[in-house]
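This report concerns packing and side-chain contacts in a single protein model. Please consult the sequence and the coordinates alongside the text.

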Amino acid sequence: SASRRTDIPAFYMDWFMEHIKLGFFNVKNPFTKTIKKIDVSNDSIHSIVFWSKNYDAFIKAKAGEKLIQLGFNIFLNFTINSESHLLEPNLPLLKKRLEQLNRLVCLFGPEKISWRFDPICFYKTSPDSPIKNNFSDFPDIVQKITELGIKKCVTSFFDNYKKIQTRLKWINKKKLSSIFFIDPSLDKKIKVIHRMETHLANAGLTLNLCCEKEVFSNLGPHTRVLENSCINGHLLKTLFGGNPEIKKDYGQRSKLGCQCTKSIDIGSYADHPCFHNCLFCYANPHIDTTLKNS
């Protein structure tokens, strides 16, 4: 898994490819800080699953083609949300990201790419302002996704982690911007998911929920929404054959509905800060360090 903890395709592809050549990664446990050496070869690694919001560096380096030539299978999770300089300040324009998606589909095929519209955000820009959301470009993204042959959308709702609360206090205190995230009621979340489900179904896409067990459990008997496996050993076996890991990964948020199968994440929160600086990020965006030191 490269990586749940940071955006390797956007910022760390040189580091990643160098370690592929070396044949190993030193992986630091984010909690215990212990380091484990992970051997990397196409005999020991069935698939590499990438996660990114910006595949520009990945595409320019021809990283995917090189990895396939080395005998690795690759699968891409691509988060494409509505354009928002407030929520995701350092991303390329939506048009550019959709161009990247088009290129990736041409190179690797739509079946090896998962589109994430994630997270769904409701927020205010002042205590008394109307509630806003990040659905503004959703219909246009769906249209492009449909044209490219991708068949599903993965989503979840914003989680208000303590790290994010601290980040927003700093941002509001320093008057860099003003934002207050809103956690909708369960009933509101269910209505949002049903609307998304209908819109996507009309476009020939299915909707998959990532770690939203409570919402999923209350959608009713007639829903076609599924719980998602962002790393899916069964799918990787269907796509590539061989014997990938298919046991459930209980180290992830399984109690909240995570269906992922086991994988080894080679990213690091501390050593690989993300420079997209998304305000809702649970990882370690560079903005946190900047705010503390300014």
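## Packing and side-chain contacts

P110 is in contact (heavy atoms within 4.5 Å) with V105, L148, G149 and I150, leaving aside its neighbours within four places in sequence. P110 is found in the loop between α5 and β5 (113-116); helices (H or I, at least four residues) and strands (E, at least two) are DSSP runs, numbered from the N terminus. With a relative accessible area of 25%, P110 is partly exposed; buried means under 20% relative accessible area, exposed over 50%, and partly exposed in between (1.4 Å probe, protein chains only). P110 and V27 lie 83 residues apart in sequence and 30 Å apart in space, C-alpha to C-alpha.

The model is predicted: local features need pLDDT of at least 70, side-chain atom pairs count only at pLDDT 80 or more, and totals for chains, interfaces and linings use all residues. Residues are numbered from 1 along each chain as its sequence is written, and side-chain values use heavy atoms, with hydrogens and water left out.

A nonpolar core is a set of buried Ala, Val, Leu, Ile, Met, Phe, Trp, Tyr and Cys residues joined through side-chain atoms within 4.5 Å. The largest such core has 56 residues, and those with the most contacts inside it are F16, I48, F50, F58, W115 and I193. Helix α5 (residues 94-108) supplies the largest share of this core, six residues. A second, separate core of 16 residues includes I171, C278, L279 and L291. At 1% relative accessibility, N81 counts as buried. Its side chain makes a polar contact with the side chain of E88 (3.1 Å); such a contact is a pair of N or O atoms within 3.5 Å, where within protein one must be able to donate a hydrogen and the other to accept it, and residues adjacent in sequence count only if both atoms are side-chain atoms.

Rings of Phe, Tyr and Trp (its six-membered ring) pair if their centres lie within 6.5 Å; planes under 30 degrees apart count as stacked, over 60 as edge-to-face and the rest as tilted. By this rule there are 15 aromatic pairs. The rings of F11 and Y12 are edge-to-face, because their centres are 6.4 Å apart and their planes are at 70°.

A charge sits over a ring if NZ of Lys or CZ of Arg is within 6 Å of the ring centre and within 35 degrees of the ring normal.

| Charged residue | Ring | Distance to ring centre |
|---|---|---|
| K37 | F24 | 4.7 Å |
| K173 | W170 | 5.7 Å |
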